[in-house]
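Subject: A structure for you to explore

Hello,

Here is the structure I promised to pass on to you. Please open it next to this email and follow along as you read.

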Amino acid sequence: MGRPIPPSWSSSWPGPSSTLYRARRPPWWHRRRIARSLPGRRPPRRRGAGSGPSRLAWLRWLLVALLVLVLLVVAGGVGLYVRAGQELQHVDALGDYAGRPAAGRGTNWLLVGSDSRAELTPEQRKELHVGNNEVRNTDTIMVLHYGDHGPSLVSLPRDSYVPVPGYGSRKINEAYADGGPRLLTRTVEQATGLRIDRYAEVSFLGLVQVVDALPDGVRLCLEQPLRDERSGADFPAGCRRMNGTQALAYVRARYADPQGDLGRVKRQRRLIGALADGMTDSRVLLDPFRLRRVLDVSVAALRVDQQAGMAQLLDMGWAMKQISGGSGVATTVPVRQPGVMVAGAGSVLLWEENGASRLFRALRHDDPIPTSVAK
């Protein structure tokens with residue numbers, strides 16, 4: 001037996017219902033901690049864990065969702081890429097002939113803007129200010145070169161006076177009317193000494209439709225006001241967004257331009273740069289529906305040589321993007337004093353032989369273009 005409790009103690013010890021007993025009990029949070037530490041109780045939960053999955057689990061689910069989204073976008077892009085390649089329009093633009101220039105280093109594209117009105121309705125001809133001329137000439141002729149020293153874009157003015165095989169010396173844009181893409185390619189090869197590897201052509205209507213497919217059209221800038229009744233151009237100085245009809249008027253104006261055809265080729269290069277910027281805009285690349293529309297319209301507007309496919313077009317597009325971003329060279333073949341009159345041909349542009357030879361020699365060997373001719 002233990003030692004008996006003195007009567008004075010037992011009589012003075014408070015009962016459970018007394019205020020003194022409640023005051024001497026441990027606080028509630030201490031009692032809970034003691035209860036959780038007893039055998040058979042569940043381990044304590046971490047504060048803030050809640051009843052759902054842990055933060056690590058949520059992170060895993062987020063990564064999986066993002067991966068699925070990326071795969072869907074990539075799969076959609078690949079599908080669009082394959083379908084666009086199957087719908088490309090091809091034209092017989094390249095061919096072997098006696099005396100054709102040997103292949104040089106790098107890749108040379110011939111880029112052509114056709115002024116054919118055959119596909120235009122009378123209403124479209126009126127809206128686009130292109131008249132009813134049925135002659136198939138070329139408003140734009142450019143050589144795009146890319147290799148180890150970055151891309152270069154060289155404009156060949158449409159009034160350039162060069163030998164056209166089988167027709168004598170004429171304006172270079174008449175070669176297209178005389179013999180179509182194949183004769184134009186041969187004319188450019190013999191005039192420049194470059195072998196053309198790839199060919200791409202777009203028409204008036206195709207250009208307008210491509211610009212209109214882009215979000216907000218294209219952004220173009222003018223140092224001076226441009227007004228030309230024949231093309232429909234009426235733009236103040238400064239920068240502005242242009243739709244397809246306005247962009248066509250901007251690029252075709254030459255009669256009100258003091259530089260004539262030389263001023264027009266500069267605007268043509270600016271428009272190509274603006275198109276490259278617009279087609280690589282995040283609003284196009286990250287929107288599957290808009291991307292599909294831009295691809296569909298672009299493919300429908302283009303005609304390329306028989307060996308060109310989507311891979312080659314992507315290379316060309318990347319080169320144009322570099323040029324528009326300032327990583328390449330954009331210039332015009334050096335010419336003599338513009339506006340030389342030639343009997344039977346009217347006002348023509350004669351190339352400056354020494355400068356033109358140095359320019360095309362650099363492209364043929366994939367060397368940097370001399371600064372003295374890159375103007």
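**What I found**

Let us begin with a cysteine: Cys239 has a relative accessible area of 44%, so this residue is partly exposed. Please keep in mind that the model is a predicted one.

Which residue is the partner of Cys239 in a disulfide? The partner is Cys221, and the two sulfur atoms sit 1.9 Å apart. If the term is new to you, a disulfide is a covalent bond between the sulfur atoms of two cysteines. The link between Cys221 and Cys239 is right-handed, with 105 degrees about the S-S bond. Cys221 belongs to strand β8 (residues 218–222) and Cys239 to strand β11 (residues 238–242), so the bond ties together parts that are 18 residues apart in sequence.

Now step back to the whole chain. You will find 13 helices and 15 strands in it. Of its 375 residues, 40% are buried. Take the contacts between residues at least 6 apart in sequence: 66% of these join residues at least 24 apart.

Next, please look at a pair of helices, α7 (residues 204–213) and α8 (residues 244–252). Their axes come within 8 Å of each other and cross at roughly 130 degrees. That angle makes α7 oblique to α8. The crossing of α7 past α8 is right-handed. On the α7 side, the residues that meet α8 are Phe204, Leu207, Val208, Val211 and Asp212. Facing them from α8 are Gly244, Thr245, Ala247, Leu248, Val251 and Arg252. Sorted by type, the residues of this contact are 7 nonpolar, 2 polar and 2 charged.

Last stop: Val162, which you can find in strand β5 (residues 161–164). Is Val162 buried or exposed? Val162 counts as buried, because its relative accessibility is 2%, and buried means under 20%. Leaving aside residues up to four places away in sequence, Val162 touches Gly168, Ser169, Arg170, Ile172, Thr187, Ala191 and Trp351.

Enjoy exploring, and write back with any questions!

Best wishes

Notes:
Residues numbered from 1 in each chain as written. Predicted model: local features only at pLDDT ≥ 70, side-chain atom pairs only at ≥ 80, totals over all residues. Heavy atoms only, no water. Axes fitted to C-alpha atoms, helices over the stretch in contact; angles between N-to-C directions. Helix = DSSP H or I, 4+ residues; strand = E, 2+ residues; numbered from the N terminus. Parallel < 35°, antiparallel > 145°, perpendicular 65-115°, else oblique. Left-handed = near helix turned anticlockwise from the far one by under 90°. Contact = heavy atoms within 4.5 Å. Nonpolar A, V, L, I, M, F, W, Y, C, P; charged D, E, K, R; others polar. Disulfide = S-S within 2.5 Å. Buried < 20%, exposed > 50% of the residue type's maximum accessible area, 1.4 Å probe, protein only.
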